[in-house]
Every structure is written in structure tokens, then in C-alpha cells.
Amino acid sequence: MGSNFLVCDHERDLEMPRNARDWLPPEHLCWKVLEVVGELDLSAFERSYRADGQGGAAYPPANLVGLLLYCYSKGVRSSRQIERACWDDVGCRVITGNRPVDHSTVARFVRRHREALKALFVQVLALCGQRGLVNLSAVAIDGSPMEANASRGSNQRLQQLEETISRCQAEIHELMEGALAHARNVEAKADDSERVNGIAGSDDLPRLLRLSDLLARACLARDKLHERALPSPGEMRIKVEAAERVVTRAEHRLAAETAAHQERLRRYEARAEEDRAAGRRGANGRRPVPLQHKTVLVRQRDRLVKARAQLERARNPRPAPSPQSRACLSDPDSRLIPGKRGGYLQGYNVQIACTRRQLLLAIEVHDNPSDATALVPMVKQTQRNHQAAGLVGDIQLWLADSGYASAAAFEALAGLPLLVSVTSEANQAGFSAKREQARASHQEMAGLLATPTGRAQYRQRSALVEPGFAQLFQRFGRHLNYRGRQAVDTELKLLGAAHNLSKLLSRTTQTCS
């Protein structure tokens with residue numbers, strides 16, 4: 001008597017239900033994603049297609065948006081992984097109507113509709129607000145590095161970039177000269193067959209394309225080095241204000257000295273006129289030096305010219321990058337930033353604004369390893385998302401750690417209920433007995449945090465934002481797939497939309513159960 005096993009015959013015909021609704025249970029993720037996509041405004045996608053019905057048939061934007069959100073929600077992000085999922089994942093087959101989507105279609109769709117895909121983040125946030133998921137009692141801002149799709153070994157210094165640019169330009173010039181000489185040689189031949197069969201140099205086209213691409217990336221990397229050498233907006237504003245004060249003082253001093261010397265000239269002319277009227281000639285002393293030759297005035301005019309030149313330099317700075325600074329040829333927008341576990345990685349500084357339940361109000365990419373200059377842009381972007389999503393109520397409290405402490409940021413956000421740590425996290429939360437002194441420019445913020453209310457409010461920060469990053473990285477990992485700031489920004493917005501979508505679907509499931 002044989003063993004009692006179920007029959008699993010791989011050669012027999014398997015009957016699939018004719019209705020796709022019977023392929024997966026009603027509570028499956030793909031049905032929930034399709035339901036949410038049905039509530040989104042996809043007119044921005046549809047406007048980019050021809051309305052006359054001409055051309056090849058395209059995939060409906062709703063299907064591809066649903067496919068992206070579904071795959072991103074499952075941690076499948078690269079276009080080739082999505083293509084494989086369209087064969088292996090029944091949920092993808094349901095979303096696409098059992099039509100396989102190749103990776104080129106996915107990549108072109110993402111590249112073509114970047115702005116519309118970014119807007120999905122706000123639309124999903126608006127749906128979360130309509131379901132009552134958004135709690136605005138406190139919002140915490142924090143940053144963390146993510147690895148770019150770039151090689152750390154492709155970083156080059158400014159001198160190396162200049163050499164790469166010169167080499168590429170020389171090789172491209174050589175190829176173009178060769179192609180021109182070949183074209184003249186072909187034109188000189190009278191035999192048409194020789195003209196057709198004698199075309200040489202076509203193998204140089206791939207090399208020319210590679211050199212052109214390398215030249216473009218090297219030029220962009222060089223420009224990035226010069227751009228990063230510029231002072232921050234806060235530093236620039238401080239320097240401009242100081243230069244304006246110097247110019248104002250120089251103008252006032254020149255005006256005062258000019259008026260005083262003009263008064264001396266006027267008094268001399270008056271005395272000379274009185275002497276001539278009284279018949280006294282030459283008794284009025286030496287004539288004062290003319291305005292254009294007065295030493296004090298010449299010196300003050302020179303000072304004013306130098307002060308105005310300094311103001312112009314402060315308004316339009318052009319500092320040279322450090323010889324040790326580097327830029328990446330693979331992705332010039334990425335840069336070397338400190339890793340979470342020590343060392344450096346080639347990546348981006350990702351910023352999030354997180355509220356309760358780890359719901360994201362904003363997710364942005366910051367082109368600086370330091371968080372100090374990211375606070376004001378993140379607050380402004382969060383406020384724009386808040387308004388665009390139609391969220392009810394105002395944000396009651398803003399929280400950030402000591403990496404964001406900046407006198408310029410405190411001044412720019414003076415009207416907001418803001419708490420930013422000005423000492424270490426342990427000291428600020430009251431977990432360390434060691435006393436730490438804040439900077440003189442941070443004394444006002446230190447006073448707010450020293451109160452029992454401020455200390456209790458600041459303790460919410462880590463519980464709000466740290467789990468948000470943990471959930472993002474657990475689901476999506478720390479590696480980005482796209483290159484370039486715009487493409488990375490689109491990818492991050494999709495990650496944020498998928499993250500908030502999971503919160504929305506989880507709350508909907510709990511409500512239904």
C-alpha cells in the first residue's frame with residue numbers, strides 16, 4: 001500500500017477562473033491598491049498622451065501607477081524586478097490585465113511622468129487626511145543617508161576632472177576630424193558602389209557616444225564642485241548684510257566729508273569776496289584744495305569703491321573649490337557622506353517630516369551631509385504639502401535634533417512653535433547628568449528647552465521620527481536605484497507614497513475588521 005499524497009501533476013492542464021476577481025481573495029493588496037488608484041487624480045498623466053487616438057497603443061496610466069504602487073509596497077523597486085514580477089506575481093497580472101510589462105516601459109513611464117509621480121505623494125497624504133490618520137499635534141524632522149546608485153571609487157578631484165574633460169574633448173575632436181576626413185574621401189570617389197561600401201568609421205560611433213556621455217558627466221561634476229564651494233544662503237545673507245553696512249558707512253562718511261569741504265570752499269569764497277569789496281587783495285590765505293583733489297575725499301572715494309566691490313562679491317560669490325574636494329562621475333549629484341555605522345558612503349542625505357503613526361508629511365533629498373541648512377527648506381516644504389493636501393488644522397509643534405541647530409534657522413522660523421536641541425540628545429532629554437552649555441546664539445532656544453514643558457515636548461521627537469526611518473529602510477532598504485537629483489527625488493516621493501499607502505490600507509483593514 002503506497003503513501004497517501006495529493007496529486008500534483010505538472011503536465012496536466014490547469015483551469016484558471018475566467019474572472020480575474022476569482023484569482024485572488026478580496027482582501028489581497030492588489031485590490032486595495034486598485035481601489036486607492038481609482039480615487040487619485042491621474043489627469044496629469046493622461047494630458048501627456050495624444051487625444052486623437054493616433055500612434056501605438058499605450059498602457060493606461062492607471063494600470064502603470066497601480067503597478068508601481070503595488071510593487072513599491074512589496075519592496076520591489078527596480079524596473080527589471082517589476083518586469084519579473086509581472087510574470088511571477090498574480091497581483092501584478094491582475095493589475096496589468098494579464099499583460100506583461102517590460103522594464104523599458106516602466107523606466108520610460110517613470111522618466112516621462114516625474115512631476116506627476118511626485119504629486120502622488122501629496123494625493124496619498126490627502127487621502128490619509130480624509131481618513132483621519134494625520135495628527136498634527138507634533139511633527140519631527142530628521143535625516144539619514146541612503147546609498148546612491150554610484151561607485152564611490154569614481155570620485156575625482158578638480159584637477160582629475162579637468163584632465164578627464166581635456167582628454168574627452170581631445171578624443172572627440174580627433175574622432176570628428178577623422179570622420180570629416182573620411183567624408184571628404186568618400187565624396188572624392190566617383191564610384192557610387194565604392195561610396196556605399198567604403199563607409200568606414202561607423203565603429204567609432206559607440207565610442208563617440210561614450211566619450212560624449214563621460215564629458216557631460218565630468219563637466220557636471222566640475223560644476224558641482226564649484227556650486228558646493230558657495231556659502232550657504234544663511235552665510236551669504238550675513239556677508240551681504242555686513243557688506244551693505246560697510247557701504248552705507250562709506251557713503252555717509254564721503255557725503256559728510258564732501259559737505260564739510262564744500263562748506264570750507266563756500267566760506268573761502270565769501271571771505272575773498274568781502275576782501276575784494278574792501279580793497280584787500282591776497283590777504284585771505286591759501287585757497288582750499290578742489291573737491292576732486294582733496295586727499296581725504298580721494299581716500300573716502302577709494303574706500304567706497306572697494307566696499308561696493310566687496311558687496312558685489314558677497315552678492316555673487318565665486319569661490320574656488322578646495323583641491324581636496326571630490327565629485328562623483330557616476331552620479332555627480334551624489335556625494336560622500338558619513339555612514340550610520342562609521343566610514344563614508346556615496347549617497348544622498350534623505351530628510352523626512354514625520355508625525356504620529358510614522359505618517360510622512362514630507363520626504364526630500366538634501367545635497368549636504370550636514371543637516372544644519374535643511375531645517376528651513378523642510379519646514380517650508382512640509383507647510384506646502386500640508387496646504388496642498390488640504391489637511392485640517394495647523395501643526396502645533398516642530399521638533400528636530402541638535403544637527404539642525406542654527407541661529408539663521410531660528411531667526412527664519414521665529415514665528416513657529418519650534419524646539420531644536422542645542423546640546424546632545426541625552427542631555428536634552430534629561431538622561432545625562434552632565435551639564436552642557438549652549439552657544440551664545442542658542443540661548444533663547446536653550447531657555448525654551450530648559451522648562452519642564454519644553455523638555456517633555458522634546459522627548460516626543462525620537463518616538464515620532466526614528467521608527468519612521470526604521471520602517472522605510474526595513475521595507476525598501478537603504479539603496480537608491482536611480483541617478484540624478486530629479487530622478488532620486490521622484491524615487492523618494494514614490495517611497496513616501498507607498499509608505500503612507502501602507503498606513504492607509506492598514507487603517508482601512510482595521511476599520512473593516
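This briefing walks through a few local features of the structure above, grouped by topic. The model is a predicted one, where local features need pLDDT of at least 70, side-chain atom pairs count only at pLDDT 80 or more, and totals for chains, interfaces and linings use all residues. Residues are numbered from 1 along each chain as its sequence is written, and side-chain values use heavy atoms, with hydrogens and water left out. Helices (H or I, at least four residues) and strands (E, at least two) are DSSP runs, numbered from the N terminus.

**Aromatic rings**

- There are two aromatic pairs in the structure. Rings of Phe, Tyr and Trp (its six-membered ring) pair if their centres lie within 6.5 Å; planes under 30 degrees apart count as stacked, over 60 as edge-to-face and the rest as tilted.
- One of them is Phe45 with Phe109, a stacked pair at 5.7 Å centre to centre, with 5 degrees between the planes.
- This pair ties together distant parts of the chain: Phe45 sits in helix H2 (residues 43-46) and Phe109 in helix H6 (residues 103-112), 64 residues apart.
- Phe45 and Phe109 are both buried. Here, buried means under 20% relative accessible area, exposed over 50% and partly exposed in between, using a 1.4 Å probe and protein chains only.
- Why do Phe469 and Phe473 count as stacked? Their ring centres are 5.4 Å apart and their planes are at 20 degrees, so this pair is stacked.
- Both Phe469 and Phe473 belong to helix H18 (residues 460-476), where they are four residues apart, about one turn of the helix. Each of Phe469 and Phe473 is buried.
- Tyr49 has a charge over its ring: the charged end of Arg112 sits 4.4 Å from the ring centre. For that label, NZ of Lys or CZ of Arg has to be within 6 Å of the ring centre and within 35 degrees of the ring normal.

**How helices pack**

- Helix H4 (residues 79-88) packs against H6 at an angle of about 130 degrees, and their axes are 8 Å apart. That angle makes H4 oblique to H6.
- Axes are lines fitted to C-alpha atoms, for helices over the stretch in contact, and angles run from 0 to 180 degrees between N-to-C directions. Angles under 35 degrees count as roughly parallel, over 145 as roughly antiparallel, 65 to 115 as roughly perpendicular and the rest as oblique.
- Helix H8 (residues 158-188) and helix H10 (residues 204-228) pack at about 150 degrees, with axes 9 Å apart. H8 and H10 are therefore roughly antiparallel.

- Strand E4 (residues 335-338) runs antiparallel to strand E5 (residues 344-354), and four bridges join them. Two strands pair if DSSP finds at least two bridges between them.
- Arg335 stands opposite Gly347 of E5.
- Which residues of E4 are on its covered face? Arg335 and Ile337 are, while Leu336 and Pro338 are on the uncovered one. In a regular strand, side chains alternate between the two faces of the sheet.
- Five residues lie between the strands of this hairpin, and Gly342 takes a positive phi near 90 degrees.

**Two partly exposed residues**

- Ala372 lies in the loop between strand E6 (360-366) and helix H13 (375-388). Ala372 counts as partly exposed at 25% relative accessibility.
- Ala372 and Ala405 are 33 residues apart in sequence, but 6.2 Å apart in space, C-alpha to C-alpha.
- Arg455 is in helix H17 (residues 452-458), and is partly exposed with a relative accessible area of 25%.
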